[in-house]
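Please read it beside the structure.

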Amino acid sequence: MKAVRFGVLLALLAFLVLPVAVVLLCSFNPGYALTFPPHAFTLAGYRSFFGNPTWRQALAASAAQGGGAAILSVLLGSTIAAAIGLVRRAPLRRLLLAVAMSPMIVPVIVFATADSDLVSKLRFEGALAVIAAQAVLGTPYVLLMVLAASQRFDPTLVDAGRVHGDSGLGVHWRIRWPLILPYLGVGGLLSMAVAVTDPLMPLFVGAPDGETLARKTAEDLQNGISSTDVVASLMMIGLLVLLAGAAAAGTVGWRRMGSRRLAREVRAALAPTADRAVAGDLTEAADGSRTM
Amino acid sequence: MAARSGAPLRVLAALLGCGIAAPLVLLARTSFRDDSASWTLANYRLLTATPTYLHVLVRTYLISLVATLAATVLGVLLAVLLARLANRYLRATALCLVAVPAVLNLVMTALAWLVLLQDRRGLVGHGLRLLGLPPSWLYLTPQATVLGLIYLCLPVTTLPSYVGISRARGTLTDAAATLGAGRATILRTVSLPLAAGPIAVGAVISFTVCVGAYVLPETLGGPQNTLIAFFVQDAAVTQFNTGLASALGMLVLVTALPALVLGIGGLGRVSSAR
């Protein structure tokens, strides 16, 4: 029974990973067609990707616009979450939340058409418009993550901080923010994944020559896909994996740094009065509570 | 009370108004405009006079319904299996793998599946023959579109279901086990009913993903199986007819409205009822 369960799980996971494996193998194909299984091994696709300034610019544009949209959606998502938390009447709160979540529900093509209208009225086509439009698409993911985080957040921690003499702002920066940060990071990454892989917004609200990796790949679909496009798709995945790694390392490092600072503060506060052993125990406890 | 929530309300109104309400209001307005910016019903008249649009709309909703049902069933199955994994590192790795379809762009997802499905002597061809189906059953057919949409929607249905099911574990499932219920009974009578909200939300989001899907349906299903988003994109990008594109967008928005209201209401309830 257990073997059957594990087998079904593996089959479903294989179904999810299969296309990425195909893309990876096809990126070493020579020539201009996707064939599977690949019949030769060459790095020609990679060479022509990095040798072509248009593709390099598209890579930079994807990274910049994806990063910009992710940062903007984190700001928007946390602001909206905080503002919704302050609204007292429950039905109104639910309605506002529903509207804020709607970019997740309304088909992207509808938003793209609508945004293109708005942007051309305002004469605002370009990278900034793409960032703004994609940030709106990514905001619900951040909002969901912040709501999940605040659900796990223990409000007595804030009271404890205040009781021990920390200011309101101090409590916010030292207690609430570090606890929500990992969730914001995941929300930002999801929103970046949406932004990097979406060709519609660059196509509908971007500048006429505002190529990103996703848009260029989508345009090449009409003229015939080459192994360079396949490499471009892998670059989008690479971009996201790189940023996920950096975000994870940053969060872990930041927390470790914070715990070291806390340990130092505890040691400094206790050293003159208390016994060294007690100070040691407390700093250890502080270390432990932060790195958990 | 009302005075205290004034400032947050203004912030919310500004943000949601600019990002969400303004574009949609403008979409509705443009759909009633012609090239010389005067009011007209011409775009909608063109829609009703062209039977293709109606056919495509019906096809879009049929295929989306089938794909959503299949993706929801598979997603709940996957979520149950994931929640049962005892090793937390294994579980974290598996959860990351569930998110894989989100990082591959649509064009490549479509082409990778096309390559897999047209290879008649490969994995898919053998599998189809084992099931007693012709090897071309999944090549440029509506079934191929459904398969691609299931792939696209599986993370969307799996992750909320997983959250719902793992949240439902704990004292309630323990109590059921103490009272002598087997694992299947616990799943059917305790875990799944408690996770019904998140599962439904996942299903609605996956339905809207299907309704709005572009590139993938026409690549996998072939030109005779295109869905409505293709025509919106065609009108806007190829024909530069923003009026027609907006009218088509309104058509999608209005006909999908029941599902959207259901989903938005569900999302609001699931994420605020704590």
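With 3 residues, H3(A) gives the most to the lining of the largest cavity, where helices are DSSP runs of H or I with at least four residues, numbered from the N terminus. This is a predicted model, in which local features need pLDDT of at least 70 and side-chain atom pairs count only at pLDDT 80 or more, while totals for chains, interfaces and linings use all residues. Residues are numbered from 1 along each chain as its sequence is written, chains are lettered from A in the order in which they are written, and side-chain values use heavy atoms, without hydrogens and water.

**Cavity**
- The lining residues divide into 4 nonpolar, 5 polar and 1 charged, with Gly counted as polar.

**Interface of chain B and chain A**
- In contact, which is to say with heavy atoms within 4.5 Å, are 74 residues of chain B and 71 residues of chain A.
- The buried area, the accessible area (1.4 Å probe) lost on being put together and summed over both parts, is about 6600 Å², with carbon and sulfur atoms giving 82%.
- Helix H1 (residues 6-31) of chain B gives the most to the side of chain B that touches chain A, with 15 residues.
- That side of chain B divides into 52 nonpolar, 14 polar and 8 charged residues.

Conventions. Helices (H or I, at least four residues) and strands (E, at least two) are DSSP runs, numbered from the N terminus. Buried area is the accessible area (1.4 Å probe) that two parts lose on being put together, summed over both.
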